[in-house]
Amino acid sequence: MDNYEQLKADNKRLKKENEWLQQANSDLNKGIETAYEIIHQLTIKIEEMF
């Protein structure tokens, strides 16, 4: 495999890896947003107790 073909193969692999990482990042952000909202609601309930 010459350099050009190797670069094409590497680029294809890296594009797929990037797509996977973007999806994982999106999923993680959604989880963080959910956790933040839960903490926010718990903080409100705790403040109401005092």
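This is a predicted model: local features need pLDDT of at least 70, side-chain atom pairs count only at pLDDT 80 or more; totals for chains, interfaces and linings use all residues.
Residues are numbered from 1 along each chain as its sequence is written, and side-chain values use heavy atoms, with hydrogens and water left out.

Along its principal axes, the C-alpha trace spans about 70 × 10 × 5 Å. As an example of distances within the chain, Asn11 and Thr34 are 23 residues apart in sequence and 34 Å apart in space, C-alpha to C-alpha.

Of the 50 residues, 0% count as buried, where buried means under 20% relative accessible area, exposed over 50%, and partly exposed in between (1.4 Å probe, protein chains only). The accessible surface comes to about 5000 Å², of which 59% belongs to carbon and sulfur atoms; areas come from the Shrake-Rupley method with a 1.4 Å probe, and for residues only the protein chains shown count as cover. Asn11, placed in helix H1, is partly exposed at 40% relative accessibility.

Ile38, Leu42, Ile46, Met49 and Phe50 make a nonpolar surface patch of about 620 Å². Patches are made of residues with over 30% relative accessible area and no salt bridge, like charges being joined within 9 Å and nonpolar side chains (Val, Leu, Ile, Met, Phe, Trp, Tyr) within 5 Å. Ile46 belongs to helix H1 (residues 3-49) and is partly exposed, with a relative accessible area of 47%.

Turning to charges, the chain has 7 positive and 10 negative side chains, and the centres of the two sets lie 9 Å apart. Lys and Arg count as positive and Asp and Glu as negative, while His and the chain ends are not counted; each charge is placed at NZ of Lys, CZ of Arg, CG of Asp or CD of Glu. A search of the whole structure finds one salt bridge, defined as a side-chain nitrogen of Lys or Arg within 4 Å of a carboxyl oxygen of Asp or Glu. Arg13 forms a salt bridge with Glu17, with the closest N and O atoms 3.6 Å apart. Both residues lie in helix H1, four residues apart, about one turn of the helix.

How values were computed:
Helices (H or I, at least four residues) and strands (E, at least two) are DSSP runs, numbered from the N terminus.
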